[in-house]
Amino acid sequence: MKKILLLGGLLAAAITMFAQEAPTAEKEKGKVTFSGYAEAYYSYDFNNPANHLRPGFLYNFNRHNELNLNLAMVKANYTSDRIRANVGLMAGTYPQYNLATEPTLMQYVYEANVGVRVGKNVWIDAGVMPSHIGFESAIGKDCPTLTRSILGENSPYYETGVKVTWTPNDQWTFAAMYLNGWQRIKKVDGNQTPAFGTQITFKPSDKVLLNWSTYVGNDLPDSIRQMRYFNNVYGTFSITEKFSVIAGFDFGLQQKAKGSSDLNSWYSPVAIAKYAFTSKFAMAGRVEYYNDQHGVVINTGTANGFQTTGYSLNLDFTPVDHVMFRLEGRTFDGKDKTFMKGTQMKNTNTAITASLAVWF
């Protein structure tokens, strides 16, 4: 607890420093805002895992048959014409499992970054930042479904490094990053290989957004270096005021061994459709597929690897502003028996999850 309080104090001090110094440098007063988010959940896995842990490729809402907290976060944000900074501290089962390999103190950090505008439309940001990959985040209210997609769970939620963003107009955004690795705060021991990312976003209208993100790097010690080349593309489409669609596709390549020209590949398509019946009631359906035959990201040790189709349907109820109740049914169907039920392996896994989110 002392470590958490110390970290929070240091990060808050950094925000305060920017808030105090910026007006002198810019002759303009900056703005500090505070926000919070909390999402509790209950999930029942019909395979009834004895250790209360759902399949290992899930990092959100992954505790079975118990009331728990997926994410609770408080955040401070500072913005001015030339400087910006974000500090978010968190707790819950999401950071417990998704940041399990990070230093203990950093497992409480959702984000901690600072940025400076160096040109009319050019920003440089550095620190721990939300990932530039994918359309989903750990903040459930911002996602169309209660749980995250398989491709979202198995690509970075966060990244650490330096990011340069150029927004020439309202339609286009270009970004390039130098990163510590594939979803890393602490760089892997023995790894001196630089990692890079890019992002291009095109918004031709208020109803359409298209995105292409890439990653190149090695997430292993240099002695066994295996370069990874990854692409993420998606589009969001507001068909009508009530009906919207998201379509995404991940495709990755990784060296089979150091110095080898042979590559293993994996890919994952997903489609999500959402319909808002009223301002309070909405429904979303998802169809997804994940093929990692060679176990690059999800290693099953089976003959065909992880080749799994997923389906989900969720209902959302927003009784008042800043409160959302959700209920979701979800099924996985694998080519191999990769799911445990008691002492037997099964091809399928089904769960029902309910969540309650509150934010300010």
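**A charged pair and its surroundings**

I start with a salt bridge: the side chains of Arg330 and Glu288 come together at 2.8 Å, N to O. This is a predicted model, so please keep that in mind throughout. Arg330 belongs to strand β15, residues 323–334, and Glu288 to strand β13, residues 281–292, so the pair ties together parts that are 42 residues apart in sequence. Are these two residues buried or exposed? Both Arg330 and Glu288 are buried.

The side chains of Arg326 and Asp316 form a salt bridge at 2.9 Å, N to O. Arg326 lies in β15 and Asp316 in strand β14, residues 306–317, so this bridge ties together parts that are 10 residues apart in sequence. Arg326 has a relative accessibility of 1% and counts as buried. Asp316 counts as buried too, at 5%.

Next, a residue that touches several of the names just mentioned. Thr145 sits in the loop between β5 and α3, the latter being residues 150–153. With 0% relative accessibility, Thr145 counts as buried. Which residues does Thr145 touch, not counting those up to four places away in sequence? They are Glu136, Gly140, Ile272, Ala284, Arg286, Asn314, Arg326 and Glu328. For a sense of distance, Thr145 and Phe230 are 85 residues apart in sequence and 24 Å apart in space, C-alpha to C-alpha.

One more charged pair, with another setting. Arg225 and Asp222 meet through their side chains in a salt bridge at 3.7 Å, N to O. Here Arg225 is partly exposed, with a relative accessible area of 27%, whereas Asp222, at 15%, counts as buried. A search of the whole structure finds 13 salt bridges. As a general point, side chains of opposite charge can pair when their charged atoms come close.

**Strand β5**

Now to strand β5, residues 122–130, where Gly127 lies. Val128 is buried, with a relative accessible area of 5%.

What does Val128 contact, leaving aside its neighbours within four places in sequence? The list is Tyr110, Glu111, Ala112, Asn113, Glu159, Thr160 and Ile185. With neighbours up to four places away again left out, Gly127 touches Ala112, Asn113, Glu159, Thr160 and Gly161.

Two C-alpha distances go with this. Gly127 and Glu111 are 16 residues apart in sequence, with 7.7 Å between their C-alpha atoms. For Val128 and Val162, which are 34 residues apart along the chain, the C-alpha separation is 9.0 Å.

**Two loop residues with positive phi**

Most residues other than glycine have a negative phi. There are two residues I would like to mention against that background. Asn65 has a positive phi, near 55 degrees. Asn65 lies in the loop between β1, residues 31–45, and β2, residues 67–79, and is partly exposed at 33% relative accessible area. His322 is not a glycine either, and its phi is positive at about 70 degrees. Where is His322 placed? His322 is in the loop between β14 and β15. With a relative accessible area of 42%, His322 is partly exposed.

**The chain as a whole**

To finish, the overall numbers. The protein chain has three helices and 18 strands. With 360 residues, a compact globule would have a radius of gyration near 21 Å, and the chain has 21 Å, which agrees. Along the principal axes, its C-alpha atoms fill a box of roughly 65 × 55 × 50 Å.

Buried residues make up 44% of the 360. The chain exposes about 17,300 Å², and carbon and sulfur atoms supply 61% of that. Of the contacts between residues at least 6 apart in sequence, 57% join residues at least 24 apart.

Note on methods:
Residues are numbered from 1 along each chain as its sequence is written. This is a predicted model: local features need pLDDT of at least 70, side-chain atom pairs count only at pLDDT 80 or more; totals for chains, interfaces and linings use all residues. Side-chain values use heavy atoms; hydrogens and water are left out. Helices (H or I, at least four residues) and strands (E, at least two) are DSSP runs, numbered from the N terminus. The radius of gyration is taken over C-alpha atoms; the globule rule is 2.2 Å times the number of residues to the power 0.38. Buried means under 20% relative accessible area, exposed over 50%, partly exposed in between (1.4 Å probe, protein chains only). Contact means heavy atoms within 4.5 Å. Accessible areas come from the Shrake-Rupley method with a 1.4 Å probe; for residues, only the protein chains shown count as cover. A salt bridge is a side-chain nitrogen of Lys or Arg within 4 Å of a carboxyl oxygen of Asp or Glu.
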